[in-house]
Amino acid sequence: MNEKAWSSVKEEIEATRDTTIADYFASDPKRADRFTIEAAGWTLDFSKNRLSPRLFDMLVNLAAASGVREEAAKMFSGEKINRTENRAVLHTALRNCKPGAQVFVDGEDVMPRVRAVLDRMAAFSDAVRSGKWRGFTGKRIRNVVNIGIGGSDLGPAMATAALAHFSKRSIRCFFVSNVDATHLAETLRSLKPAETLFIVASKTFTTLETMTNARSAREWLVKGLGSEEAVSRHFAAVSTNAAEVSSFGIDTANMFEFWDWVGGRYSLPSAIGLSLMISIGPANFRRMLRGYWRMDEHFRKAPLARNMPVVLALLGILYSNGWGAESYAVLPYDQYLARFPAYLQQLDMESNGKGVDREGRKTTCSTGPIEWGEPGTNGQHAFYQLIHQGTRLIPCDFIGFCRSHNPVGDHHDKLCANLFAQTAALAFGKSAAQCRAEGVPEELVPFKTFEGNRPTNTLLAEELTPATLGALIALYEHKIFVQGVIWNIYSFDQWGVQLGKVLAGDVLPALSSAEPPAPGRFDQSTDALVRRYREARGLKV
């Protein structure tokens, strides 16, 4: 982190530590207007934060001094900013809607290939949706099962749920990720092989969890339809390993590629989104891409002080590094976005959960806050108690929409009334004097007092659409990128995922081999666990 710029921020935090959110509103009748930004169909109200205008200016200076603008330009241009893997970071190219746009990696314009894959996805999706694509027995496809893990699962699963209103209801989409056989078995229990299409999403076609599930799905299909030839009519692949795809029995004409400059957690706009495209149709998928692009353009061009991703990032830095907050909550007041917090967990925590900086030194500041959340109003009856009156500071992002796709009675008014009321209650609280004025018995006053001064952001759009969803995802992508730049860490690798995978490969043979592993094969705890497992399975110990 830029020490000089951050020192100024810390000094201002200390100077304003005793000033509350309520104090700021009392002294500035235009605060809500001052701290509101609009972009790509979204309005961000960040006025309910522990933020003076002077502190905000210093945070913006931190972003400038950290080189946010310059680093963003490198990303968009195709420079290999993922230095530990020597890769470009070009998920933004997947949704570049500018006519004739060119984006170069190693001297090659990648946009023709991006457009070609998108067109092939559209043709395949239309064929499945229209019934032109038939299964092995001639029946229409009624069920699509996406088999992936991580970004190959979380992105399309979240977006398919979020955009269910726009889906073709005669086709149901399912998502299998966990190597626990229960996930696959329970998914397939009610499905018919003749009406089911599997999409296997694995760049290398070697991912352990994905390929274990894919092979078991293949066995289920062949057993149900009685022929190996059925595989080519019931499987498609999102991969770059044509040899493995073909060996599996999938026609490589139904293989959709994406590239090593697309990180898994950023891959929804790529061929990884094939299941989503089948669900909502190519036109809506392209509307989503345009929403992404509009936020990308805002991020590239807007001044730092009026730049929505930059502002969200700076507020996160303020609380994580200035106030010691360990987590933040994302609270969508829309049931369609129920999986959005889970999606953001990977996006944020896998990107910025790093303990060394770009020079390989231990970081001197905390990075990668814990992200969590649930849709409103469910969360209000679960964990809001801790947010309102607990001892931990938990900044919150509230997300809502002015119109519902399901306008039943006054449900939506009540939903949004809760959204707005919660942000007000967290900001302004309820004093002991107010409690007493309401006649609260003195012995209960401490329990019914809310100190307030709990920070929130409110993100509001007119309606949840493919375009506003795309823009929302891009908003958080760029927020996370900005924080990585300020923390001076690499946000686009994930080496921490690897060690457990390697060790699992060592342990696996010991669980099922005819002879038990030699004593001391692993650490003493793992040795003991392996013995207990083998004993429970009736194997020699």
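Which handedness does the β-α-β unit made by β5, helix α7 and β6 have? In this predicted model, β5, α7 (residues 151-162) and β6 form a right-handed unit.

**Around β5**

Let's stay with β5 for a moment. Five of its five residues are buried, so β5 is largely enclosed by the rest of the structure. The cover comes on both faces: Asn 143, Val 145 and Ile 147 are buried on one side, and Val 144 and Asn 146 are buried on the other.

Val 144 takes part in both pairings: Cys 173 stands opposite Val 144 in β6, while Leu 197 is the bridge partner of Val 144 in β7.

| Strands | Bridges | Residues opposite each other |
|---|---|---|
| β10 and β11 | three bridges | Ala 329 and Trp 372 |

**Helix α8**

Now for α8 (residues 181-188), whose buried residues are Leu 184, Thr 187 and Leu 188. Looking down the axis of α8, these buried residues fall within an arc of 90°, so they line one face of the helix. An α-helix has 3.6 residues a turn, so residues three or four places apart point the same way. And what sits over the buried residues of α8? The cover includes β5 (143-147), β6 (172-176), β7 (196-201) and α9 (208-225).

**The six-stranded sheet**

Elsewhere there's an open sheet of six strands with mixed pairing, in the order β1-β2-β13-β12-β10-β11. β1 (36-39) and β11 (370-372) are at the edges with a single partner strand each, so one side of each has no neighbour in the sheet. On average, neighbouring strands of this sheet are turned by 15° against each other, ignoring direction. Helix α17 (residues 411-428) packs on the sheet, where α17 touches β12 (396-401) and β13, and the direction of α17 makes about 155° with that of β12.

**A loop residue: Glu 451**

Finally, Glu 451 lies in the loop between α19 (445-448) and β13 (456-461). Its relative accessibility is 59%, so Glu 451 counts as exposed. The side chain of Glu 451 still finds a polar contact, at 2.9 Å, with the side chain of Arg 454. Glu 297 is 154 residues from Glu 451 along the chain, and their C-alpha atoms are separated by 40 Å.

Methods: Residues numbered from 1 in each chain as written. Predicted model: local features only at pLDDT ≥ 70, side-chain atom pairs only at ≥ 80, totals over all residues. Heavy atoms only, no water. Buried < 20%, exposed > 50% of the residue type's maximum accessible area, 1.4 Å probe, protein only. Helix = DSSP H or I, 4+ residues; strand = E, 2+ residues; numbered from the N terminus. Arc of directions from axis to C-beta. Contact = heavy atoms within 4.5 Å. Pairing = 2+ DSSP bridges. Right-handed = clockwise from strand over helix to strand, strands pointing away. Polar contact = N/O pair within 3.5 Å; in protein donor to acceptor, adjacent residues only side chain to side chain. Axes fitted to C-alpha atoms, helices over the stretch in contact; angles between N-to-C directions.
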